[in-house]
Amino acid sequence: MSGDRESVPVRNGEAFLRALGADAALLHPEIAAQMRTPASHARGEGVFARAGSRYRLLNALAMPLLGRDAVVTRIASDVPFSVLTESTVTTVAVGDAVIERVTLHTTREFRFPSGAQRVSDVMTTSVHPGLVRTLLGERGRVELIEECAVGDGGTLRMRTRRAALRLGGRRIALRGILAVHVDVEDGWDDDNARRTIAVTVRNPLAGTLLEYRGWYRYSSVEDQ
């Protein structure tokens with residue numbers, strides 16, 4: 001049998017620190033310091049220089065299938081946004097073994113001129129070093145297996161290794177022309193003392209499905 005046990009203390013970037021392992025020491029010092037801050041909840045505020053999708057109609061048609069908070073149907077420049085995160089570490093009994101499972105819940109609110117839209121995901125650490133599992137949207141119907149690494153200048157890099165659609169208890173691998181590739185780079189702007197973020201979601205046939213890039217600062221970091 002398996003079951004969840006009590007939660008244990010958590011740091012702001014616990015999921016990324018666990019996934020990176022010893023390579024976390026290569027992160028930019030400011031990013032590393034923020035990730036190591038003892039806190040289960042954090043809120044950031046910033047501005048995307050560019051955010052959204054040019055496939056607005058297609059994304060709107062996909063919303064009933066994928067559920068809320070999985071896609072956006074607008075695109076604009078200079079888009080204010082907020083990001084909310086909740087980190088948990090739970091000890092889990094699996095047979096005679098006890099392991100720690102790290103979960104990161106993230107919600108991003110894009111405040112487009114025509115109205116706000118949200119994208120959310122739930123990320124969990126994997127037993128495989130360097131890999132995390134991400135479920136997109138309220139229903140978690142899109143699954144991504146992503147590799148975490150440290151890039152030039154100490155940035156956090158994430159790239160998709162595998163993607164799947166989860167429907168009716170089945171897991172359908174997204175390969176070939178159906179593949180989804182997500183590239184994330186979370187860095188630090190020394191001149192302005194703020195985090196930078198660049199995310200691109202691509203498909204081999206359609207090209208860029210979603211992108212957002214800009215900067216943010218944490219407005220609150222706390223335990224709750």
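Me: A salt bridge is a side-chain nitrogen of Lys or Arg within 4 Å of a carboxyl oxygen of Asp or Glu. How do you know that Arg-18 forms a salt bridge with Glu-100?

Reply: Check the distance: the closest N and O atoms of Arg-18 and Glu-100 are 2.9 Å apart. That is within 4 Å, so the pair passes the rule. Before we go on, this is a predicted model, so local features need pLDDT of at least 70 and side-chain atom pairs pLDDT 80 or more, while totals for chains, interfaces and linings use all residues. Residues are numbered from 1 along each chain as its sequence is written, and side-chain values use heavy atoms, with hydrogens and water left out.

Me: Which parts does the pair of Arg-18 and Glu-100 tie together?

Reply: Arg-18 lies in helix H1 and Glu-100 in strand S4, so their bridge links parts 82 residues apart in sequence. Helices (H or I, at least four residues) and strands (E, at least two) are DSSP runs, numbered from the N terminus. Helix H1 covers 14-20 and strand S4 covers 97-112.

Me: Why does Arg-18 count as partly exposed?

Reply: Because its relative accessibility is 35%. Buried means under 20% relative accessible area, exposed over 50%, and partly exposed in between (1.4 Å probe, protein chains only). Arg-18 therefore lands in the middle class. Glu-100, at 40%, is partly exposed too.

Me: What makes Arg-11, Glu-14, Arg-18 and Glu-100 one network?

Reply: They are joined by salt bridges that share partners. A search of the whole structure finds 16 salt bridges.

Me: Why do S8 and S10 count as paired, with how many bridges between them?

Reply: Two strands pair if DSSP finds at least two bridges between them. Four bridges join S8 to S10, so they meet the rule. The two strands run antiparallel, and Arg-159 stands opposite Asp-183 in S10.

Me: What does S10 form with S11?

Reply: S10 and S11 form a hairpin, with four residues between them. Ala-193, in the turn, has a positive phi of about 50°. S10 pairs with strand S11 (residues 194-203) in the antiparallel sense, over nine bridges. Val-184 stands opposite Val-199 in S11.

Me: How do you know that the side chains of Arg-195 and Asp-186 meet in a salt bridge?

Reply: Their N to O distance is 2.9 Å, so it clears the cut-off. Arg-195 and Asp-186 are both buried, whereas Arg-18 counts as partly exposed.

Me: Okay, on to rings. What makes the pair Phe-110 and Phe-112 stacked?

Reply: Rings of Phe, Tyr and Trp (its six-membered ring) pair if their centres lie within 6.5 Å; planes under 30 degrees apart count as stacked, over 60 as edge-to-face and the rest as tilted. By this rule there are seven aromatic pairs. The rings of Phe-110 and Phe-112 have centres 5.8 Å apart and planes at 5°, so they are a stacked pair. Phe-110, at 0% relative accessibility, counts as buried, and so does Phe-112, at 5%.

Me: Why is the pair of Tyr-216 and Tyr-218 called edge-to-face?

Reply: Their planes stand 85° apart, with the rings 5.9 Å centre to centre. Tyr-216 is buried, with a relative accessible area of 7%, while Tyr-218 is partly exposed, at 26%.

Me: Which residues form one aromatic cluster?

Reply: Phe-48, Phe-81, Phe-110, Phe-112, Tyr-212, Tyr-216 and Tyr-218 do.
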